[in-house]
Amino acid sequence: MGKFNKINSAGNYALNPNLHHTHRWQQLSKKFKQTKCGLCANPFHLHDELRYCDEVHHILPQEHYPEYFFYWSNLVCLCADCHKFAHRLYEDENSLYFKIFANQLDKISEVAKKFKHDGGSKNRKTKKENT
């Protein structure tokens with residue numbers, strides 16, 4: 001069986017819990033941390049000092065939005081404290097959680113629309129390549 005199990009004809013998928021252990025995820029999270037200087041984004045203002053990014057957090061949780069698991073715009077670098085807080089906030093104060101990440105959610109939506117519009121082609125040519 002593949003990494004996803006199809007659950008309905010609309011194309012929604014159930015996430016295989018082993019995706020965190022795939023080479024693809026390991027490479028993506030490592031590269032994401034590097035581009036963010038390896039620092040916690042501190043979106044909840046839990047600490048005044050700079051902290052290292054211990055974990056890459058999925059803004060739209062994989063349990064409910066598996067189709068966004070590998071979307072770069074769905075990721076944020078967090079220290080262990082912020083990561084725990086993010087999950088508690090999502091469960092307890094869902095509306096506040098989404099207010100905090102509103103700008104990021106807009107980016108996720110834009111990427112998803114572009115992906116659906118062009119059929120998800122990885123081989124798209126840019127305008128420069130077409131000339």
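Me: Let's start with a side chain. Is arginine 51 buried, exposed or partly exposed?

Reply: Bear in mind that this is a predicted model. Arginine 51 has a relative accessibility of 24%, so it counts as partly exposed.

Me: Which residue does arginine 51 pair with, and how should I read a salt bridge?

Reply: The general idea is that side chains of opposite charge can pair when their charged atoms come close. Here, arginine 51 forms a salt bridge with glutamate 49, and the closest N and O atoms are 2.7 Å apart. Glutamate 49 is partly exposed, at 42% relative accessible area. Arginine 51 also has a salt bridge with aspartate 81, again with 2.7 Å between the closest N and O atoms.

Me: How many salt bridges does the count come to?

Reply: The count is 2. Glu49, Arg51 and Asp81 are linked by salt bridges into a network.

Me: What does leucine 46 touch, leaving out residues up to four places away in sequence?

Reply: Leucine 46 touches Asp81, Cys82 and Phe85. Its place is in the loop between H1 and S3, and it is partly exposed at 40% relative accessible area.

Me: Now histidine 83. Where does it sit, by secondary structure?

Reply: Histidine 83 is in helix H2, which covers residues 80-92. With a relative accessible area of 16%, histidine 83 is buried. Setting aside neighbours within four places in sequence, histidine 83 is in contact with Glu55, His57 and Leu78.

Me: On to strands. Which side chains of strand S4 lie on which side?

Reply: In a regular strand the side chains alternate between the two faces of the sheet. In strand S4 (residues 75-78), Leu75 and Cys77 are on one side and Val76 and Leu78 on the other. All four are buried, so both faces of S4 are covered.

Me: How many bridges join S3 to S4, and do the strands run parallel or antiparallel?

Reply: S3 and S4 run antiparallel, joined by 4 bridges. As one example, valine 56 has cysteine 77 in S4 as its bridge partner.

Me: How many disulfides does a search of the whole structure find?

Reply: The search finds 0. Cysteine 37 is in no disulfide, and the nearest cysteine sulfur, in cysteine 77, is 9.3 Å away. Cysteine 37 is exposed, with 63% relative accessible area.

Me: Last topic, the rings. How many aromatic pairs are there?

Reply: A pair of aromatic rings is described by the distance of the centres and the angle of the planes. The count here comes to 10 aromatic pairs. One of them is phenylalanine 44 with phenylalanine 101, edge-to-face at 5.9 Å centre to centre and 90° between the planes. This pair links distant parts of the chain, 57 residues apart: phenylalanine 44 is in the loop between H1 and S3, and phenylalanine 101 is in the loop between helix H3 (94-100) and helix H4 (102-117). Phenylalanine 44 is buried at 10% relative accessible area, and phenylalanine 101 is buried at 5%. Tyrosine 97 and phenylalanine 98 also form an edge-to-face pair, at 5.3 Å centre to centre and 85° between the planes. Tyrosine 97 is buried, with a relative accessible area of 0%.

Me: Which residues do the ring pairs link into a cluster?

Reply: The cluster holds Phe44, Phe85, Tyr90, Tyr97, Phe98 and Phe101.

Me: And what sits over the ring of phenylalanine 70?

Reply: That's the charged end of arginine 24, 3.8 Å from the ring centre.

Definitions and conventions:
Residues numbered from 1 in each chain as written. Predicted model: local features only at pLDDT ≥ 70, side-chain atom pairs only at ≥ 80, totals over all residues. Heavy atoms only, no water. Helix = DSSP H or I, 4+ residues; strand = E, 2+ residues; numbered from the N terminus. Buried < 20%, exposed > 50% of the residue type's maximum accessible area, 1.4 Å probe, protein only. Contact = heavy atoms within 4.5 Å. Salt bridge = Lys/Arg side-chain N within 4 Å of Asp/Glu carboxyl O. Disulfide = S-S within 2.5 Å. Phe/Tyr/Trp six-rings, centres within 6.5 Å; stacked < 30°, edge-to-face > 60°. Lys NZ or Arg CZ within 6 Å of the ring centre and 35° of its normal. Pairing = 2+ DSSP bridges.
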